[in-house]
Amino acid sequence: MRREFSAGGVLVRLEEGRWEFAAIRPGGRPAGLWALPKGQIQEGETGEDAALREVTEETGMAGRSLGKLGDIRYWFNWKGERIFKIVAFFLIEYETGDIGVIDEEFRHEVADVQWLPLAEAPDLLAYKGEREMAELAVARLAAHDS
């Protein structure tokens, strides 16, 4: 059984007193399907480094890590092989960059990028594990704000 390790981020910013998060629509997916930026951890990278890199590659923006939110674990089949995957997610606060300004080499991976209300993330994100990570981000930021 093959194992894969990836990392991703919930990139957030405070806009007019409300938290927003950067959601991507992966290339080839229908309009309205929102996900979080994520990708494989490269050799020599930490999960946190990979999350920061993937967020930049897939959104055009960079930020600083506010720490790990948690892991998503799941199985999938690829060309007849069963693969166990772990994706580590980090809370990342926006610092710089322009939404959707993505290097050409990553353009095929992302069809759209939008800032969306973080409070609505559990209803907007397509995948259960990512919805859970967004809920953890909401709770972490609520504790941070109080």
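The legends below describe close-up views of a predicted model.

Residue numbers start from 1 along each chain as its sequence is written, and side-chain values use heavy atoms, with hydrogens and water left out. Because the model is predicted, local features need pLDDT of at least 70 and side-chain atom pairs count only at pLDDT 80 or more, while totals for chains, interfaces and linings use all residues.

**View 1. Tyr74 and Phe76 form a tilted aromatic pair.** A search of the whole structure finds three aromatic pairs. Rings of Phe, Tyr and Trp (its six-membered ring) pair if their centres lie within 6.5 Å; planes under 30 degrees apart count as stacked, over 60 as edge-to-face and the rest as tilted. The ring centres of Tyr74 and Phe76 are 6.1 Å apart and the planes meet at 40°, so this pair is tilted. Tyr74 has a relative accessible area of 32% and is partly exposed. Phe76, at 24%, is partly exposed. Buried here means under 20% relative accessible area, exposed over 50%, and partly exposed in between (1.4 Å probe, protein chains only).

View 2. Tyr94 lies in strand 5 (residues 81-97) and Trp115 in strand 6 (residues 110-117), so the pair ties together parts that are 21 residues apart in sequence. Helices (H or I, at least four residues) and strands (E, at least two) are DSSP runs, numbered from the N terminus. Tyr94 is partly exposed at 27% relative accessibility. Trp115 is buried at 14%.

**View 3. Arg82 lies over the face of Trp75.** The distance to the ring centre is 4.4 Å. A charge sits over a ring if NZ of Lys or CZ of Arg is within 6 Å of the ring centre and within 35 degrees of the ring normal.

**View 4. The largest pocket has a volume of about 820 Å³.** A pocket is an open set of points on a 1 Å grid over the protein atoms alone, where a 1.4 Å probe fits, with protein on both sides within 12 Å along at least five of seven lines; lining residues have an atom within 4 Å of a point. Grid points are joined across faces, edges and corners, and the volume is the space filled by probe spheres set on the points. The lining has 29 residues, and the closest to the pocket centre are Arg29, Lys38, Tyr74, Lys85 and Glu130. Strand 1 (2-15), strand 2 (18-26), strand 3 (38-40), helix 1 (47-59), strand 4 (61-78), strand 5 and helix 3 (128-145) each supply at least two lining residues. By class, twelve are nonpolar, five polar and twelve charged. Ala, Val, Leu, Ile, Met, Phe, Trp, Tyr, Cys and Pro count as nonpolar, Asp, Glu, Lys and Arg as charged, and the others, Gly among them, as polar.

**View 5. The largest nonpolar core holds 20 residues.** Such a core is a set of buried Ala, Val, Leu, Ile, Met, Phe, Trp, Tyr and Cys residues joined through side-chain atoms within 4.5 Å. Val10, Val12, Phe21 and Leu118 have the most contacts inside it. Strand 1, strand 2, strand 4, strand 5 and helix 3 each supply at least two core residues. Helix 3 gives the largest share, four residues. In soluble globular proteins, nonpolar side chains tend to be buried together.

**View 6. Val87 sits in strand 5 and Val138 in helix 3.** Val87 is buried at 2% relative accessibility. Its C-alpha atom is separated by 19 Å from that of Val12, 75 residues away along the chain. Val138 is partly exposed at 33%. Val138 and Phe21 are 117 residues apart in sequence and 10 Å apart in space, C-alpha to C-alpha.

View 7. Most residues other than glycine have a negative phi. Glu16 is in the loop between strand 1 and strand 2 and is exposed at 76% relative accessibility. Lys79 is in the loop between strand 4 and strand 5 and is exposed at 75%.

**View 8. Ala121 belongs to helix 2 (residues 121-124).** Ala121 is buried, with a relative accessible area of 0%. Ala121 and His144 are 23 residues apart in sequence and 18 Å apart in space, C-alpha to C-alpha.
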